[in-house]
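Hi,

Here's the model I promised to pass on. Have a look, and then I'll run through what turned up.

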Amino acid sequence: MRNSGIAVLCSVEADGSFKNVTFELLGAARSLAEKTGEKVIALVCADENFNASVLGNFGADKVFVLDHRKTGFFELDADVSAISSIISDIQPSIVLFPATDYGRVLAPEVAARLHCGITADCTDFDIDAEGRLVQIRPALGGNITAHIISPSTLPQMATARPSVFKKREYKTENFEKIVVKNDFAILAEKVLKLNENSIITSSEAKIEDASIVVSVGNGVSSRELIQRLGDFAASIGGVLACSRKIVEKGWLEQSLQVGQSGKTITPEIYFAIGISGAVQHLAGMKSSGFIVAVNTDKSAEIFSYSDIGFVMDAEEWLNSAEKFFTRQPE
Ligand SMILES: Cc1cc2nc3c(=O)[nH]c(=O)nc-3n(C[C@H](O)[C@H](O)[C@H](O)COP(=O)(O)OP(=O)(O)OC[C@H]3O[C@@H](n4cnc5c(N)ncnc54)[C@H](O)[C@@H]3O)c2cc1C
């Protein structure tokens with residue numbers, strides 16, 4: 001069994017306070033941690049300056065502040081991405097979500113992203129002899145109490161209703177706050193800075209003159225998606241380009257082709273969306289200032305050349321990117 005922490009998703013109110021259920025779940029996590037010997041980790045989606053120290057008085061050893069919302073208000077995709085990504089990085093053995101409106105929407109999305117099971121509305125937890133989380137909840141109309149385990153997937157995930165677990169004052173020693181900016185947030189800041197300092201941000205620029213180029217390849221499966229990526233490029237002051245496969249399909253003109261038999265370009269930021277990274281393509285863009293790769297295949301060659309890589313479906317990536325890049329912080 002993994003032994004790298006018990007995580008609790010903490011929901012923050014608009015005024016920066018925490019809902020009671022956050023402290024209740026930290027209490028539940030603390031009791032479990034006493035059995036497994038793990039640390040309790042709080043996950044909070046908030047601004048990097050957010051004061052999360054109160055969590056250290058209720059059992060959290062460590063808090064990860066996930067600073068990724070460029071819009072200042074709740075965005076499901078952004079929170080799902082950030083939470084899934086931190087869970088993949090820190091690999092907790094257990095993740096508890098509050099069964100609030102926020103937690104109920106978020107938890108199944110995160111579970112699906114991470115290919116994990118999830119038990120909803122738990123009323124109690126325990127650790128069995130093999131160190132597994134026992135997720136206890138009423139079943140069959142409340143006539144029986146089910147004891148559920150997740151034997152084959154990690155982390156073990158569950159939601160718990162408010163007012164079921166006891167809030168527990170427990171001051172942890174060496175409480176630690178770690179701010180995590182996710183790749184979308186880092187990239188959005190980079191684009192913003194570039195546009196602030198750039199004289200030419202016209203989407204009419206030729207690909208060889210543009211400072212931001214969004215290039216599409218064979219992994220972008222429809223003209224409609226290319227059109228949307230073109231709109232996205234324009235919204236961040238960039239232009240659309242492509243690999244030879246897209247030209248061969250007749251979807252974009254040859255003047256937009258990057259590579260050995262196309263153009264050689266060196267933009268400040270080059271987005272390679274659904275592009276494998278064939279040597280003939282790399283010849284036209286590998287000297288770009290900052291390369292962003294989006295590809296469903298984590299072993300695609302393009303990732304060896306990228307500064308930031310998203311192992312993601314192109315459309316899914318665009319859905320998230322549109323939220324991060326095209327609106328300004330409030
Ligand atoms: C003489 C010569 C000159 C050439 N000149 C050029 C040139 O100038 N420019 C050029 O580009 N090519 C050139 N080529 C072609 C080159 O060899 C490659 O065939 C081409 O670059 C591949 O294009 P691609 O990466 O778009 O497509 P593929 O190689 O088919 O890659 C598509 C990628 O998309 C990924 N993908 C699939 N589905 C999704 C999804 N839903 N979301 C995200 N990613 C997904 C896949 O994992 C794959 O990595 C040349 C070839 C020759 C022989």
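One definition to start: two residues are in contact if their C-beta atoms, placed from the backbone, lie within 7 Å. This is a predicted model, so local features need pLDDT of at least 70, side-chain atom pairs count only at pLDDT 80 or more, and totals for chains, interfaces and linings use all residues. Numbering runs from 1 along each chain as its sequence is written.

Now the core. Setting aside neighbours within four places in sequence, Ala-42 is in contact with Val-8, Cys-10, Leu-26, Ala-52, Leu-55, Ala-60 and Val-63. Ala-42 is also, with Val-8 and Leu-43, among the residues with the most contacts inside the largest nonpolar core, which has 94 residues. (Such a core is a set of buried Ala, Val, Leu, Ile, Met, Phe, Trp, Tyr and Cys residues joined through C-beta atoms within 7 Å; buried means 20 or more other C-beta atoms within 10 Å of a residue's own.) Helix α1 (residues 20-36) gives the most to this core, eight residues. Domain 1 (6-181) and domain 2 (184-325) both contribute, so the core lies between them; the bounds come from an automatic or database domain assignment.

Then the sheet. Seven strands make an open, parallel sheet, ordered β5-β9-β4-β1-β2-β3-β10. At the edges, β5 (119-122) and β10 (176-181) each pair on one side only. Strands are DSSP E runs of at least two residues, helices H or I runs of at least four, numbered from the N terminus, and pairing takes at least two DSSP bridges. β3 (residues 62-67) pairs with β10 over six bridges, with Leu-66 opposite Val-180.

Cheers

Conventions
A residue is buried if 20 or more other C-beta atoms lie within 10 Å of its own, exposed if 12 or fewer, and partly exposed in between; C-beta atoms are placed from the backbone.
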